[in-house]
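Thanks for coming. I will go through one structure this morning, starting with a sheet and ending with the ligand.

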Amino acid sequence: MASSVNFWTIPQPKPQSSYSYSSSLKPPLTSQLSLFPNSNNSILSLRSHTSLSHSRLTKSHSPNAPPPHFMVMASTKNPEEALKIMISGAPASGKGTQCELITQKYGLVHVAAGDLLRAEVAAGSDNGRQAKEFMEKGQLVPDEIVVMMVKERLSQPDSEENGWLLDGYPRSLSQATALKKFGFEPDLFILLEVPEDILVERVIGRRLDPVTGKIYHLKYSPPETEEIAARLTQRFDDTEEKVKLRLRTHHQNVEAVLSMFKDITVKIDGNGSKEDVFAQIDGWLTKLLEQRKATSESLAA
Ligand code: AP5
């Protein structure tokens, strides 16, 4: 196993809204390729160069703001391995919508904890019956039900071969810990940030097409035809009352989860059009793949 790692700086992809360093932090001016002693990380991770923490990044909408630089730490992980991405955010922050776009472009297997649970509810299984009680209260479904469900889905050959896009999981420290224990290590943790009043509006207007699985919004993403409009359904937990409970659960847990993945977290402004939000995510994924390629080439050289 390699006893050293390659560090180099990369420019941030070009998102719609850029990020800049707070005044106390200056990104390095030049790209560099050098060898550093190994750390105990065993994954490829994206880190801000100066502080190794994204919490010190301040958002800027100035088009002239200098892009920050991040370094990618290559390690013992095979650079050819399929991508493993997590996406997180409050209820209705756009996780499902972005997952649709990400899977279309990158071919990852979309594993959504909420969808797995709703499938159990629809099937009327014991797990589904128990899960529904918690989902109706906007609470987390107990780990005994969720953890193995997600583990099994991630262990399927298609997830292993094509890579996965894990949506809405982990949502607690215990879930994050279990995931690591099972050996599932993500390359990137995407956090969608959207103001609360927008979230409520998105939930109330959301509709689903039971035939295609596509997500619509009556105002922001209306159905294309009358025929589709006529068959749209609404989720049982998509009411104003329930989304407030779901938001409370989200706020109670999000920091603990973030603390487990802070080295690989990118915070995305989710309050733009879905295309704008995707452009930000796409930029990060493109950079990640470019860095993997560079790692692979430098290891082969
Ligand atoms: P889950 O199904 O995961 O629900 P959620 O986290 O509340 O998220 P949503 O599915 O509501 O929203 P989303 O972020 O996917 O937004 P979407 O793209 O649809 O979980 C449901 C329940 O299951 C939980 O409450 C819990 O009980 C249980 N559960 C799930 N995971 C669990 C776990 N790990 N452990 C324990 N329990 C768990 O978009 C929303 C709407 O906005 C749509 O109408 C869309 O068209 C619109 N929209 C999206 N993006 C934009 C945009 N950029 N501009 C305008 N409109 C947009």
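Predicted model: local features only at pLDDT ≥ 70, side-chain atom pairs only at ≥ 80, totals over all residues.

Start with strands β8 and β9: they run parallel and are joined by 4 bridges.

The cut-off for buried is under 20% relative accessible area.

On to the next pairing. β7 and β9 also run parallel, again with 4 bridges between them. Here I87 has D167 in β9 as its bridge partner. β7, residues 84-89, is also joined to β10, residues 188-193, by 5 bridges, and that pair is parallel too. There, I85 stands opposite L188 in β10.

Now put the strands together. What is the order of the strands in the open sheet? It is β8-β9-β7-β10-β13, 5 strands with parallel pairing. β8, residues 109-112, and β13 stand at the edges; each has a single partner strand, so one side of each has no neighbour in the sheet. On average, neighbouring strands here are turned by 20 degrees against each other, direction ignored.

α9, residues 240-261, lies across β7, β10 and β13. Its direction is at about 150 degrees to that of β10.

Is D269 buried or exposed? D269 has a relative accessible area of 13%, and because the cut-off for buried is under 20%, D269 counts as buried. A polar atom of the D269 side chain lies 3.0 Å from the backbone nitrogen of N271.

Next, the ligand. There are 33 residues around the ligand, and those that come nearest are T97, Q139, R171, R206 and R246. In the side chain of T97, an N or O atom is 2.6 Å from an oxygen atom of the ligand. For R206, a polar side-chain atom lies 2.5 Å from a ligand oxygen atom. V141 uses its backbone: a polar atom there is 2.9 Å from a nitrogen atom of the ligand. How much of the ligand's accessible area does the protein cover? On its own the ligand has 1000 Å² of accessible area, and the protein covers 95% of that.

Which elements supply the shell around the ligand? α1 (95-106), α2 (113-123) and β12 (215-217) each supply at least two residues. α2 gives the most, with 4 residues.

Last, the chain as a whole. There are 10 helices and 13 strands. The chain has 301 residues, and 49% of them count as buried. Its accessible surface comes to about 14700 Å², with 53% of that belonging to carbon and sulfur atoms. Where do the contacts come from in sequence terms? Taking contacts with a separation of 6 or more, 78% are between residues 24 or more positions apart.

That is what I have.

Conventions. Residues numbered from 1 in each chain as written. Heavy atoms only, no water. Buried < 20%, exposed > 50% of the residue type's maximum accessible area, 1.4 Å probe, protein only. Contact = heavy atoms within 4.5 Å. Areas by Shrake-Rupley, 256 points an atom, 1.4 Å probe, with all protein chains shown as cover. Polar contact = N/O pair within 3.5 Å; in protein donor to acceptor, adjacent residues only side chain to side chain. Pairing = 2+ DSSP bridges. Axes fitted to C-alpha atoms, helices over the stretch in contact; angles between N-to-C directions. Near = heavy atom within 4 Å.
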